[in-house]
Amino acid sequence: MGTKLVIDTDPGVDDAFAIALAALSEDVELLGVTTVFGNVGLEATTRNARRILALCGRDDVPVAQGAARPLVHPHAHKARYVHGVDGLSGRSAALPEPGRPVEPGGAVRLLSRLLEDSDEPVTIVPIGPLTNVATLLAARPDLHHKIARIVVMGGALSHGNVSAAAEFNVWSDPEAAHRVLCGGEVPCVLVPMDLTYRCAVSRAWLDELSGSGPVGAALAALTPDYLTHYRKALGWDGIVLHDAVAVAEAITPGILTTETVPMAVETSFGPARGATLVDQRRPELRADTETPEDGAAVRVAVDTDVDALRAFLARRLTSRLTLR
Ligand code: BDR
Ligand code: CA
């Protein structure tokens, strides 16, 4: 039936596009969605995830609620300045109400059950803080072999977005990110903001989406606050669909070009907390000074055919959308 997928998410406008991308793709078997704190609080992210699935006519997909805070160090920061007060530019209530209740037992239990029940390995796509996925890896080592890949949206190789050094998802729970990315337990692909920024879509792309039908119109209607933020961040009238770029790689492996690099997650306190540090020294030089703190080999998405990626997102979000 296609790629078996679970999305772990904190919707969030770009999360909404990412969920819709998977939910509307016929070659994807979306087994479940789990929610985590992040862009807004956990109650809101769970509500938003369920409403996006309802918009896509996917009340068959179970949703379970996960972590309300990071693994080790609590913090109160939210990204309402990016995604609006309710995480969807203040438009969440305009979406349809879901017909299906939240799954009892929480995110780790749902993830475990989906892995146990699957006859083939499942791809997990964390597009929020990595708390739920780190907890799963710690709690259920017996299920690691049932995970095909973990395709993570997160990290920054050059500069961050929530601080000079750090990207929001990794910064929101650096200890969890360290476990998932550098623990070496399950193959990971990291899709950093360096690449997602290059795939930003224009106002014209959004206008085409908006005119394509009710789902496209409802998705585009979630973007006003997000557009305001990205006008500042990009310097032009567009938005960055970070999470949808990661889901694109999860459902079409190889759509992004990846490279394996030595990486460490900064978990100390200070201006670089949450940074993903890539060791760019020549291997011969690195070998002279190697320590365990240097980091682990992590597969990172570094390039793609940007126009083809934008067209892919457009095609999947509505077959009537033609503009890049
Ligand atoms: C990531 O942070 C969130 O605000 C977005 O939803 C995305 O997952 C980008 O840094
Ligand atoms: Ca997100």
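## A buried arginine and its partner

At 12% relative accessibility, Arg-273 counts as buried (under 20% relative accessible area is buried, over 50% exposed and in between partly exposed, with a 1.4 Å probe and protein chains only). Helices (H or I, at least four residues) and strands (E, at least two) are DSSP runs, numbered from the N terminus.

## How to read the model

This is a predicted model, where local features need pLDDT of at least 70 and side-chain atom pairs count only at pLDDT 80 or more, while totals for chains, interfaces and linings use all residues. Residues are numbered from 1 along each chain as its sequence is written, chains are lettered from A and ligands numbered from 1 in the order in which they are written, and side-chain values use heavy atoms, leaving out hydrogens and water.

Side chains of opposite charge can pair when their charged atoms come close. A search of the whole structure turns up 18 salt bridges. One of them joins Arg-113 to Glu-103, with the closest N and O atoms 3.3 Å apart. Arg-113 lies in helix α4 (residues 107-117) and Glu-103 in the loop between α3 (80-83) and α4, 10 residues apart. Arg-113 is partly exposed at 36%, whereas Glu-103 is buried at 17%.

Asp-142 and Arg-140 also meet in a salt bridge, at 2.7 Å from N to O, and Asp-142 is partly exposed at 43%. Elsewhere, Lys-4, Glu-29 and Asp-119 are linked in a salt-bridge network.

## Where α5 meets α7

Helix α7 also has a helix partner: its axis and that of α5 (residues 131-139) come within 8 Å and cross at roughly 55°. That makes α5 oblique to α7. In α5, Thr-131, Val-133, Ala-134, Leu-137 and Ala-138 touch Ala-176, Arg-179 and Val-180 of α7 (contact means heavy atoms within 4.5 Å). By class, this contact has six nonpolar, one polar and one charged residues.

Note on methods. A salt bridge is a side-chain nitrogen of Lys or Arg within 4 Å of a carboxyl oxygen of Asp or Glu. Axes are lines fitted to C-alpha atoms, for helices over the stretch in contact, and angles run from 0 to 180 degrees between N-to-C directions. Angles under 35 degrees count as roughly parallel, over 145 as roughly antiparallel, 65 to 115 as roughly perpendicular and the rest as oblique. Ala, Val, Leu, Ile, Met, Phe, Trp, Tyr, Cys and Pro count as nonpolar, Asp, Glu, Lys and Arg as charged, and the others, Gly among them, as polar.
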